[in-house]
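Colleague: I am new to this structure and would like to know what stands behind the words used for it. Could you take me through them?

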Amino acid sequence: MRVNVRVNGEPMVADDVWEGESLLYVLRERLGLPGAKNACEQGECGSCTVYLDGITVCACLVAAGQAEGREVVTVEGLSGGGARRRGGAPDRNPRPDPDVDDVAGPPLDGLDEVQRCFVEAGAVQCGFCTPGLVVQAHALIAGASRVPEDAEIREALAGNLCRCTGYEKILDAVRLAAARAHARAATENARSVPGGADD
Amino acid sequence: MDFLRPATWEDALAMKAARPDATPIQGGTDVMVEINLDKGRPTALLDLNPVAELARWSWTAGPAPMLRVGAGVTYTRLISELGTWLPGLAQASRTVGSPQIRNRGTLAGNLGAASPAGDGHPPLLASGALVEAESVRGTRLIPIIEFYTGVKRNALEGDELIRAVHVPPAAGPQCFAKVGTRNAMVIAVCSFAVALDVRARRAGTGIGSAAPTPRRAHAAEEFLAGELDWDGAGPLDPALAHRFGELVAEAAAPIDDVRGRADYRRHALAVMARRSLGWAWAERGSVPGTSDASGTYHQKSGENG
């Protein structure tokens, strides 16, 4: 069957989709978006976490046909890199211009704040769980009106398994990202208040 | 495999009548696991996501209004929108899977799968819920106690779909407890729910994952109705709580399996029942339904969030 789905803001079409196929398979194997990872295929590990109509889900548990006409955002969409890869053939991670990012360490240009914080906090080891954690942490921070407490972060990430890090640095990364998002929101609020800081 | 996409509830009923072999899929958190791991391959999937009305909840009419929870209401929404009236169910819902699973999974899916370990079953049993099942032949309300007919078997006919679950609002404190290896992503080793109706001097119970089907502990309920000092202001009598736990354990018929031994399950049930009763007793008076303000809760209805 054919599945029409909007992914990272772009309308996409997948053909010859098997009726029992998952959204995860469609994203990875038919639309060239391998960011969401395929591991447990039973919703236990969270490595395939994506947004479906603004809510985080395990893409392995969404039947492809259920995504028809809906809006999906993958980890590629957070960094603005998703649209480049539409049409099937995966883009082989083009390196950023070295003149733009010539400091030692990974290039951080274009990354979402959550991704940046994962890099800065050293929250990535093998990296397999990272895309799912990034999307889930992104949702936690986007939906919070204040910096979440540790218990809330742990609860939000309870369905994302990491077998390398012991989670401490992942928590550091999420705390950092949440604090920055909160600080930015506070600044923006101050600007929008009459008599607040001019810009 | 066929993929059926009804646009309306009427379409869904017609499709299910024409294809009784079709497996309804809502959140997919059970159905897709079966397919992904090749444990079973449905001949057809009937996708209920497009039927928008299923994602709504409302109050039923009549002198004793119940919450009519549409088959598409997710656990996440059940917790955030209905927790005030259905505290036991909300508590159980919070133990389901992970945030991602609760964002997709539904109570109706729990009922459709009818696993004895489903977290939604004990609180539904404890509060005396009704399952609204419908086919092209008509609608029937199945009392929850009659709904579970065997391991992963329920009372639905081949052409029937679950449209909603009717749950009475709490008439007193409710508690849910569950044993598992960690807090998240845990299928219950065993679970227990209690619901007290202080005014009516009645207790409801539900046992999960300790018999071929979820079940009530009738003798334990009768014991509480007769022996609990319903007007008492003091703490719960420890001997009474202990006896209640024993009666709950006696009502179970657990097996040895990979998650736990039968004798462990019986022991854990007795402990959970005793503690849940204690927690519920300590909470009485602070739950809607036990105060005179309960009527004011019967106003709002939910739309698809």
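Modeller: We can start with Asp53(A), which counts as partly exposed because it has 13 C-beta neighbours inside 10 Å. A residue is buried if 20 or more other C-beta atoms lie within 10 Å of its own, exposed if 12 or fewer, and partly exposed in between, with C-beta atoms placed from the backbone. This is a predicted model, in which local features need pLDDT of at least 70, side-chain atom pairs count only at pLDDT 80 or more, and totals for chains, interfaces and linings use all residues. Residues are numbered from 1 along each chain as its sequence is written, while chains are lettered from A and ligands numbered from 1 in the order in which they are written.

Colleague: What is the phi of Asp53(A), and where does Asp53(A) lie?

Modeller: Phi is near 50° there, a positive value in a residue other than glycine. Most residues other than glycine have a negative phi. Asp53(A) lies in the loop between S3 and strand S4 (55–58) of chain A. Helices (H or I, at least four residues) and strands (E, at least two) are DSSP runs, numbered from the N terminus.

Colleague: Which residue of chain B has a positive phi although it is not a glycine?

Modeller: Lys152(B), with a phi of about 55°. Lys152(B) is found in the loop between S8 and strand S9 (153–154) of chain B. Lys152(B) has 16 C-beta neighbours inside 10 Å, so it counts as partly exposed.

Colleague: Why is Gly150(B) called exposed?

Modeller: Gly150(B) has 10 other C-beta atoms within 10 Å, so it is exposed. Gly150(B) is part of strand S8 (residues 148–150) of chain B. Leaving out residues up to four places away in sequence, Gly150(B) touches Pro212(B) and Thr213(B); touching, or contact, means that the C-beta atoms of two residues, placed from the backbone, lie within 7 Å.

Colleague: What makes helix H3 of chain B largely enclosed by the rest of the structure?

Modeller: Six of the eight residues of H3(B) (residues 75–82) are buried, so the helix is largely enclosed. The buried residues are Tyr75(B), Thr76(B), Arg77(B), Leu78(B), Glu81(B) and Leu82(B). Their cover includes S4, strand S5 (67–70), helix H4 (87–94), H5 and helix H6 (107–113) of chain B.

Colleague: Why are S4 and S7 of chain B said to stand at the edges of the sheet?

Modeller: The open sheet has five strands in the order S4-S5-S10-S6-S7 (chain B), with antiparallel pairing. Strand S4 (57–59) and strand S7 (138–143) of chain B each have a single partner strand, so one side of each is left without a neighbour in the sheet. Two strands pair if DSSP finds at least two bridges between them. Strand S6 (residues 130–135) of chain B and S7(B) pair over six bridges, and Ser135(B) stands opposite Gly138(B) in S7(B).

Colleague: Which helix packs on that sheet?

Modeller: Helix H1 (residues 9–18) of chain B does, touching S6 and strand S10 (161–167) of chain B, and its direction makes about 75° with that of S6(B). Axes are lines fitted to C-alpha atoms, for helices over the stretch in contact, and angles run from 0 to 180 degrees between N-to-C directions.

Colleague: How do you know that H9(B) is roughly antiparallel to H10(B)?

Modeller: Helix H9 (residues 218–227) and helix H10 (residues 238–251) of chain B pack at an angle of about 155°, with their axes 7 Å apart. That makes the two roughly antiparallel, because angles under 35 degrees count as roughly parallel, over 145 as roughly antiparallel, 65 to 115 as roughly perpendicular and the rest as oblique. Their contact has nine nonpolar, one polar and three charged residues. For these classes, Ala, Val, Leu, Ile, Met, Phe, Trp, Tyr, Cys and Pro count as nonpolar, Asp, Glu, Lys and Arg as charged, and the others, Gly among them, as polar.

Colleague: How many residues of chain B are in contact with chain A?

Modeller: The number is 26, and they meet 23 residues of chain A. H2(B) gives the most to this side of chain B, with four residues. By class, that side has 12 nonpolar, nine polar and five charged residues.
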